[in-house]
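Colleague: Could you take a close look at one part of this protein for me? I'd like to hear about the pocket.

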Amino acid sequence: MFKSFLLISLIFSNLIYSSASGEEWLDDFAKRVKTKTAKQRVPGYLFAFIEEGKPAKMVVSGKTANKGSAITPQTVFRLASVSKTFTSILMAKMVDENKLSWQTPVKQMTSEYDFDNSKNLQLAHIVGQSSGFSPNAYDNLIEANYPVKRVLSMLTDLKPLCTPGECYTYQNTLFGVIEEYFQENNTSYGEQLESEVLRPLSMKGASVGRDGLVAADSWAKPHVAIAKNKWRSVKVNEDYYRFSPAAGVNASGADMVKWVGALLGEQPNVVGPQIIDQVTQPRVKTKREMHRRLWQRYLKDAHYGLGWRVYDFDGHRLNYHGGWVKGYRAAVAFAPDQKVGYFMLMNAESNLINDFTADFWASYFKHYDNQQKLAAK
């Protein structure tokens, strides 16, 4: 099993192997991850710590499958709902270029669905998870392989719980409107994300859709639990890939380093600061987030922006999103004031990823605060 810290040079794209990260708090975190994942026998994972302008520190562990090859920084994973962070940036770029507005009515985005059941439903309400429809409406139909058009048609008959923009109601199905919009304009979400984000950021292993995943030279197979600490590899379903703006992006660890770097401001020509500011402004309060296991001791406030969760993490601003589809878990987060970020990818449905993400940021901010106190003396 391969396990070590990898220093990834964002300038020369070289990999330099090191037995230690040089950060005691990060070494301790990596040891806790190693211990807990070994106990659960998690098939594979990787995570990285990124500081603006510095080589990323990445830990890689496990295999793509039981009899598969070792996971590397180039191994591609499904990002699940972390895809929404890509969608938010793509749509924000279109808004910035005056191709769309956040106030564009959904009825103008696609001519096939009237959405008369939800007055004043706008693009911002889709990306900002404030449509007013019951949370996760018709996700069961996605998993039952219903066609996108049929699911969206059924949404037009669903009575909202509140006026758009007034309450947090997390959705996947409604993101199908964005795919429909691109198709009506003779393109696709995948083509636009590739041309506007993935290619400009040189995210060479990233893709949209099932075909992009399985075509990769190295890709992590999905695993589900069949008993305590026992996992079984399963096939990759097409279901959520059909709603790609919600959960259809794939990426490797090396790709995600570039993605987080861009979010930290390293590629302003591709993802400008005004874009990041747009999508990470708090919009709708998410009270349930305040009661998440382990997170609740740190969260002072929680909102959803546009494709991002926006937290007050023990006095520090944190932008975060998680992802979960059959056989995979993912998480990405960045602290804009400290210009640091983190992500973790797993080819198993382990809830450990939630604990690890909270643990990581608690450890980092404790280290950061201590350094600030020392500097002030």
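What volume does the largest pocket have?

Modeller: Bear in mind that this is a predicted model, where local features need pLDDT of at least 70 and side-chain atom pairs count only at pLDDT 80 or more, while totals for chains, interfaces and linings use all residues. Residues are numbered from 1 along each chain as its sequence is written, and side-chain values use heavy atoms, leaving out hydrogens and water.

The largest pocket has a volume of about 1100 Å³. A pocket here is an open set of points on a 1 Å grid over the protein atoms alone, where a 1.4 Å probe fits, with protein on both sides within 12 Å along at least five of seven lines; lining residues have an atom within 4 Å of a point. The volume is the space filled by probe spheres set on those points, joined across faces, edges and corners.

Its lining counts 43 residues, and Tyr168, Tyr170, Glu289, Arg309 and Trp324 lie nearest the centre. Two or more lining residues come from each of α5 (139-143), β13 (316-325), β14 (328-335) and α13 (352-376); these are DSSP runs numbered from the N terminus, helices being H or I with at least four residues and strands E with at least two. β13 gives the most, with six residues. By class, you get 15 nonpolar, 13 polar and 15 charged residues in the lining, with Ala, Val, Leu, Ile, Met, Phe, Trp, Tyr, Cys and Pro counted as nonpolar, Asp, Glu, Lys and Arg as charged, and the others, Gly among them, as polar.

As for α13, its axis and that of helix α1 (residues 24-40) come within 10 Å and cross at roughly 165°; axes are lines fitted to C-alpha atoms, for helices over the stretch in contact (heavy atoms within 4.5 Å), and angles run from 0 to 180 degrees between N-to-C directions. α1 and α13 are therefore roughly antiparallel (over 145 degrees).

Conventions. Angles under 35 degrees count as roughly parallel, over 145 as roughly antiparallel, 65 to 115 as roughly perpendicular and the rest as oblique.
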